[in-house]
Amino acid sequence: MPRLKVLFVVSECVPFAKTGGLADVAGALPAALAARGHDVRVVLPRYRITKRHAAERRPETLAVPVGHGLAYAAIWETKLPKSDATVYLLEHDALFDRDGIYGDKAGDFGDNLARYTFLSRGALRLCETLDWVPDVVHAHDWQASLAPVFLDTLEARTPLASAASVLTIHNMAYQGWFKKDELYQTGLGWDVFHPRGLEAHDSINLLKGGLNHATQITTVSPRYAQEIQTPDWGEGLDGVLRSRGGVIGVLNGIDDTIWNPAKDQHIAANFTSTDLSGKALCKAALQAEMGLAVRPDVPLLGLVSRLVTQKGIDLIAGALGEILALGVQIVALGSGEAWIEQLFSRLNATSTQVRAFIGMNEALAHKIEAGSDLFLMPSRYEPCGLNQLYSQRYGTLPIVRAVGGLDDTVENEVTGYKFDELSADALAQTVAWAVFVMRNHPAAHRDMMVRSMTKPMGWGHASRQYEALYRMAIARHRRR
Ligand code: ADP
Ligand code: GLC
């Protein structure tokens, strides 16, 4: 099979910039595809935080049409760690040299349409500058959704037009809404401002534009692919998906070089499914570091999450009294909505059973996955979810709601615990049952740990699926 040339257009990518799982996927899938012999390149902005990473400045200057003028960009080149996949970081300080990726404490940045026009158009202009034409442009989420639109419109008479486009939805709830009088930022004409383009409710909806123009639409789990084609979960775009012939769900994998208890450098001791002694050390170290009583017998519940409504944190808040009455400890790490941050800060100060760290902390995320016994993930909806997979890998049984990728990846009472009803009661009961099993049936608990740790979840399978899907998209694009 001929090797494919694939361009990833994405707003975050491990290790260069991260707010959530999108960055994990963007750092791992290109590497998995490159390992299969493909020519894979990733483009993202050079944010302030990205400048910490070594990269080489290329000689060319890129001119990207944004608004009424051109935004000139420096091109920095590097590789994904331990991979042949090339990364281009587009530098334009007026748009990206600031604290925060999408916004700051005051909310989303007001110029996000210009910023992500720059990314999407810049990625395509970059290809022409490098004289490298991809077979597939793989765009992710609303931030890159203009790339398929541009390929179909402003770039339709350039060499780039031969590229098929794939748009992956990592989260249907974030769509990139902007006022219509900002359309000039994109350089697109009013001819795209209609319901089969990027118009929704008389506003600009970037995700909708991408969905309408992409050769192929995908999302990150089979169950979420079904859910978002229904009015309940389609966030207003289920009709668009159906009109485009649906969406393919490819389950995310995890990056074994980063999330692996046998090699993880962040944790107190390494361990495997055949020698779990290190996990007990990790638990003791986590309890000590967080200022909890160091008690091997007390079940320790972990939480690592963006603290937003999606993640069902209100269920945790509602169930907290009952959960703490079980005599367990909780360690929480996250940042997000003010009320949730305040709730955890208050608990941190007042409860001897709860410790919380508010903010991003990569090392602590690893320590929580390794040191906890159970992991809380009662999401309202979950496109895929990576934290439940990381938990499984570290023998920390996830307690999840049976939605989206959580339903696809957790087998009840085999590799974790699942409940259906969106209620604090359902969560509390499931936690109570998991704690009961742990205390009274340790062998069963241990058996589940081993089954979780040994289930396959690397990127091998998913990267082969993407490969097949790219070839299908290329064929479809040629027929058009
Ligand atoms: P989502 O992308 O919806 O936030 P995922 O489960 O797919 O959910 O991925 C979340 C990723 O972000 C994981 O890698 C998780 O460890 C990481 N993460 C979330 N919050 C924090 C935090 N406060 N500090 C460090 N890592 C975090
Ligand atoms: C989004 C989703 C999450 C998914 C991640 C990576 O952030 O909320 O469920 O795992 O993207 O695809």
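## Helix 14 and helix 15

In this predicted model, helix 14 packs against helix 15 (residues 442-454) at an angle of about 110 degrees, and their axes are 5 Å apart. Angles from 65 to 115 degrees count as roughly perpendicular, so helix 14 and helix 15 are roughly perpendicular to each other.

Which residues make the contact? Helix 14 brings Val437, Met438, Arg439 and Asn440, while helix 15 brings Pro442, Ala444 and His445. Sorted by class, the residues in this contact of helix 14 with helix 15 are four nonpolar, two polar and one charged.

## Helix 14 and helix 9

Helix 14 (residues 424-440) also packs with helix 9 (residues 313-325). Here the angle is about 45 degrees and the axes lie 8 Å apart, which makes helix 9 oblique to helix 14. The crossing of helix 9 past helix 14 is right-handed.

## Around ligand 1

Now for the ligand. Ligand 1 is surrounded by 20 residues, and the closest are Gly21, Asp24, Arg306, Lys311 and Gly359.

Lys311 has a polar side-chain atom 2.7 Å from an oxygen atom of ligand 1. Backbone atoms take part as well: a polar backbone atom of Leu386 is 2.9 Å from an oxygen atom of ligand 1, and a backbone N or O atom of Asn361 lies 2.9 Å from a nitrogen atom of the ligand.

Notes. Residues are numbered from 1 along each chain as its sequence is written. Chains are lettered from A and ligands numbered from 1 in the order in which they are written. This is a predicted model: local features need pLDDT of at least 70, side-chain atom pairs count only at pLDDT 80 or more; totals for chains, interfaces and linings use all residues. Side-chain values use heavy atoms; hydrogens and water are left out. Axes are lines fitted to C-alpha atoms, for helices over the stretch in contact, and angles run from 0 to 180 degrees between N-to-C directions. Helices (H or I, at least four residues) and strands (E, at least two) are DSSP runs, numbered from the N terminus. Angles under 35 degrees count as roughly parallel, over 145 as roughly antiparallel, 65 to 115 as roughly perpendicular and the rest as oblique. A crossing is left-handed if the near helix is turned anticlockwise from the far one by less than a right angle, and right-handed if clockwise. A residue is near a molecule or strand if one of its heavy atoms lies within 4 Å of it. A polar contact is a pair of N or O atoms within 3.5 Å; within protein, one must be able to donate a hydrogen and the other to accept it, and residues adjacent in sequence count only if both atoms are side-chain atoms. Contact means heavy atoms within 4.5 Å. Ala, Val, Leu, Ile, Met, Phe, Trp, Tyr, Cys and Pro count as nonpolar, Asp, Glu, Lys and Arg as charged, and the others, Gly among them, as polar.
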